[in-house]
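Student: Please show me the model. I would like to go through its side-chain contacts with you.

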Amino acid sequence: MQCKNCEYSLETSNKFCPNCGAKIIHHRLTLKNLWSDFSERFLNYDNSLFNTMKHMFTKPEVVIENFIGGTRKKYLNVFNYFALAITITGFITFISLKFYPEIYKEAMNVMSSFQETQAQKDMMSNTLSGFFDYQSLFYFLTIPVLALISKIVFYNYKKYNYTEHTVIYLYAYSHTLVVINFTYIISLFINKDVFSYFTLLSIPFSVLYIAYILKRLFKLTFKQILLKTLLFLLVGIIFYIGIIIIVGIIMIAYMFIDGSFMEMVEQQQRARGK
């Protein structure tokens, strides 16, 4: 018998491959053992998810430094936690758009109210729709940007390299997504107005929570973390403006190609002529 993962020769008594460490699966895939595998990975209190969620509140520096230091069993792997957070986010987005479409429409109306012409409103609608369609990719691409900003802000601290900063934000971002989406679930059952309030509070919550993690990781005073947070926001705004300019240039180039840019200009001219 050979290991299905690395083709190493196995003894019939082996439960794990001596070469790659993979669990040896002898049975066919059924709903029962599929659920058993899922619960072992994510719902095992001694192993992963619950400890990770609890300690990301009480001692996030321990969770993060355990992973950076090489410990892999005590807490949920950072990539598994990120994948779980993205999955929950996608599920909540689907539920919101499917059963509470008025929330999406209200957001669209607010965004469109700042646009003068129909072409601009269509562009804003397409942008927001694109975000919902590719939000997982957006979240994934956000992590290295946050890590880079963090590395710049903490230039005078040599404790973590860029890759380790990436791990910090994978854990922090994943945890904020999990917490925020659980509050979204609760608020959807209470009242859609409550959902709107939670949506507004999600950004300040994320900023404060990440500041809390950085304070504990770098052992900063209140004054130090306040200054670092302000510097982080300043550098983040510069990055944001740069990204918006790049994305704007790409969108304008695309609109030139399909002719919608000239249509938008003509609509603006007609609107001003009135």
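Tutor: Start with a salt bridge between glutamate 61 and arginine 216, 2.7 Å from N to O. The term stands for a side-chain nitrogen of Lys or Arg within 4 Å of a carboxyl oxygen of Asp or Glu. This is a predicted model, in which local features need pLDDT of at least 70, side-chain atom pairs count only at pLDDT 80 or more, and totals for chains, interfaces and linings use all residues. Residues are numbered from 1 along each chain as its sequence is written, and side-chain values use heavy atoms, with hydrogens and water left out.

Student: How many residues apart in sequence are the parts that glutamate 61 and arginine 216 tie together?
Tutor: Glutamate 61 belongs to helix α3, residues 60-69. Arginine 216 belongs to helix α9. Helices here are DSSP runs (H or I, at least four residues; strands are E, at least two), numbered from the N terminus. The pair therefore links parts separated in sequence by 155 residues.

Student: Is glutamate 61 buried or exposed?
Tutor: The classes are buried (under 20% relative accessible area), exposed (over 50%) and partly exposed (in between), with a 1.4 Å probe and protein chains only. Arginine 216, at 32%, is partly exposed. Glutamate 61 has 15% relative accessibility, so the class is buried.

Student: Which residue forms a salt bridge with glutamate 65?
Tutor: A search of the whole structure finds two salt bridges. Glutamate 65 lies in helix α3, and its partner in the loop between α7 (135-153) and α8 (162-190), so the pair ties together parts 94 residues apart in sequence. Glutamate 65 is partly exposed at 31%. Its closest N and O atoms are 3.1 Å apart, and the partner is lysine 159.

Student: What kind of aromatic pair do tyrosine 169 and phenylalanine 232 form?
Tutor: The search finds 14 aromatic pairs. Rings of Phe, Tyr and Trp (its six-membered ring) pair if their centres lie within 6.5 Å; planes under 30 degrees apart are stacked, over 60 edge-to-face, and the rest tilted. Tyrosine 169 and phenylalanine 232 have 6.2 Å centre to centre and 25 degrees between the planes, so by the cut-offs the pair is stacked.

Student: Which helices hold tyrosine 169 and phenylalanine 232?
Tutor: Both residues are buried. The pair ties together parts that are 63 residues apart in sequence. Tyrosine 169 is in helix α8, and phenylalanine 232 is in helix α10.

Student: Why is the pair of tyrosine 209 and tyrosine 212 called tilted?
Tutor: The two residues are three apart in helix α9, about one helical turn. Tyrosine 209 is buried at 4%, while tyrosine 212 is partly exposed at 27%. The ring centres are 6.1 Å apart, and the pair is tilted because the planes are at 40 degrees.

Student: Which lysine lies over the face of phenylalanine 154?
Tutor: A charge sits over a ring if NZ of Lys or CZ of Arg is within 6 Å of the ring centre and within 35 degrees of the ring normal. Here the distance from the ring centre is 5.3 Å, and the residue is lysine 228.

Student: Which element gives the largest share of the nonpolar patch?
Tutor: The patch covers about 690 Å² and includes Ile203, Phe222 and Leu230. Patch residues have over 30% relative accessible area and no salt bridge; like charges are joined within 9 Å, nonpolar side chains (Val, Leu, Ile, Met, Phe, Trp, Tyr) within 5 Å. Phenylalanine 222 is exposed at 61%. Five residues of the patch, the largest share, come from α10.

Note on methods:
Accessible areas come from the Shrake-Rupley method with a 1.4 Å probe; for residues, only the protein chains shown count as cover.
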